[in-house]
Amino acid sequence: GQLFNGIIDEMRVWNVVRSETELRENMHIPLVGTETGLVSYWQFNEGTGTTATDIISGNDGTMHNMDEDDWIDSTIPFGDGVSDSQTETAGTVDFTDTGLSMYFNSHNSAEITVTRINATANINPTEPDEVFDAQYWVVNRYGNGTFDTDLTFTISEDLTSEDEGNPSQIKLYTRSSNADSNWIQLMTASSVNAANNEVTFDGITEFSQFIIGKVIEPDIYIEPESLHFGTCNIEDSIAGTITIYNTGNDTLSVSDISNNEPDFLVDMTICEILPGDSCNIEITFSPAAVGPITDTLVITSNDPDESITEIFLTGQGVVPEITLLKSRDFELITSNFNSIDVGYYSAPAFTDIDGDDLLDLIVGEENDTLNHYEQDAENSTSFTLVIEHINCIGVEGYSAPVFTDLDNDRLLDLILGKQNGTLNHYEQDAENSTSFSLVNEHFNSIEVGNISTPAFTDLDGDGLLDFIVGEYEGNLNHYEQDSVNSTSFTLITPNFNNIDVGSTSSPAFTDLDGDYLLDLIVGEYEGNLNHYEQDSINSTSFSLVTHNFNSLDVGYYSAPVFSDIDGDGLEELFIGELNGKIHYCKQETIDSMSFGNIVVGGLPTKNYYLTAINLINDLNIECPEDLKYHYRKIRDSCKNCQYHPLMVQFLRQSMFGLNRIH
């Protein structure tokens, strides 16, 4: 044989077979000496001489070729402590008396042995300012497959309220299970419970030796993470603020704040922030040109984990826009919007399904499918086909979609009218998802006969949605939401306002002239549009204005919907029709007011509407001497509005009706 040439510690001889669990639980802690079957036990704790003492049977050994200098301090992970073994399982698994609890997010039923060593390791991590070194842990896993667990350690040292308020300063360090080399930082704590001296670390996917330390360092946190100024006149400016917080436990030094675009001006470039304190940075957006402007604010600090922080800045330069219009006049732009052709019986609806600020156009049709188009760019009038059969949603025919959020859960609800007069209810699978799942095929047990065409509004301002459903017989059915955010609706009347457009009624609501009275436009079989207006604010009564709105006639089966796809504040009307196309109309603007020939002494009156947006000063309107005018506020506030015989002053972003009298 050969003599042993190496380093040795903790040698044990047994006359019984030890189980796997017994071996695993005792290899990092000393034995008591009274264990059954223990024949000899050499701990090599002498530290001097040439004798190795057997503390059980007296079988002492003599070491040859041994000098005093050959004795070394043990560096193995070993010492007084506690071990426990458990099997991985979903949820919480406690390892008795080890001060370690695990919450398994995923597992493979492996065996785990945890040993808590109540002693200082051979070396401590060098990075932390304080090491909680009254204990460290060795965790061994026996089995295959992956796992994901959150570890909660209980330490002997006292944690503070400061630690609880700033768990990121508590760090977890690791090294392999039998290593005696340097520790490396694994992660920061997700939470601290100071009362119980508990620290939790999330998302552990490997086991090893663990020790906990505390790092005294600054920690930068900035709110908001991006700053959007919206629109701003090129002769004006908008101020915004970001706040830099120091959530660490040492002074945060911001050494530089910089950006590239001169349109964004920063009021300071350096600052010192004490622990728990904050500093506001004001940024002024002063656009020099019309159009979108983007920039990145770069913040440099002494945060060791995030020395560079970037804040995204956006804004849009605009110029004042003043528009004169007759609110109820619409101009036909095209009878074939974006060359869309779905075959027969097109029924359009607009929404933003995926929250990307690009409108989605969903078009129902005769063959029971939904066609999905998306806007090519923000405020663009161009749309591109995404898919001809969104989510494979299908009904018996004559699909007529409408979108809302019934229960205010930030998930869109799609209510789909169909040929047999009932309605299907679908709900978005996740926020901004393009996937929808069927909720039920008979929404609220509503059945209106044939060809149901739904629309939502709030007629009486009570916060409860009113659901108006057109049908083949030409009348309108009125249902109201049972309570706020409810998906239940109750029938109010099957003959809303005794409206009867002949056949195949298709309702759409808007406020054409901003007078707070809803306008109801009802499509019909003959292809024209019927216009009704609310009798008073929050009234459920409507009166007929005309059976032939703007003389628009799309042939057969007119299906109207309103939107503002180009973002100019003017209503746009989209009308589906029998042949599967979509007609596109826009609220008509005017450049001049003509009174024609006027008899002396006559007082002809013309009504016009003025919209003004992006103003940086009050709007002054001057009138020629031979004209007089009165104004009536229609939309928004008009505080301290003054008018004189020849001039009336309007505050920014207001809309007024002008009655001009000669």
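Arginine 24 is buried, at 17% relative accessibility (buried means under 20% relative accessible area, exposed over 50%, partly exposed in between, with a 1.4 Å probe and protein chains only). This is a predicted model, in which local features need pLDDT of at least 70 and side-chain atom pairs count only at pLDDT 80 or more, while totals for chains, interfaces and linings use all residues. Residues are numbered from 1 along each chain as its sequence is written, and side-chain values use heavy atoms, with hydrogens and water left out.

**View A. Glutamate 20 and arginine 24 form a salt bridge.**
A salt bridge is a side-chain nitrogen of Lys or Arg within 4 Å of a carboxyl oxygen of Asp or Glu; the structure holds 12 of them. Here the closest N and O atoms are 3.3 Å apart. Both residues belong to helix α1 (residues 20-26), and because they are four residues apart, about one helical turn separates them. Helices (H or I, at least four residues) and strands (E, at least two) are DSSP runs, numbered from the N terminus. Glutamate 20 is exposed, at 55% relative accessibility.

**View B. Lysine 581 and aspartate 341 meet in a salt bridge.**
The N to O distance is 3.5 Å. Lysine 581 lies in the loop between β43 (572-576) and β44 (582-589), and aspartate 341 in the loop between β25 (321-334) and β26 (347-351), so the pair ties together parts 240 residues apart in sequence. Lysine 581 is partly exposed, at 25%, as is aspartate 341, at 44%.

**View C. Lysine 586 forms a salt bridge with glutamate 572.**
The closest N and O atoms are 3.2 Å apart. Lysine 586 in strand β44 and glutamate 572 in strand β43 are 14 residues apart.
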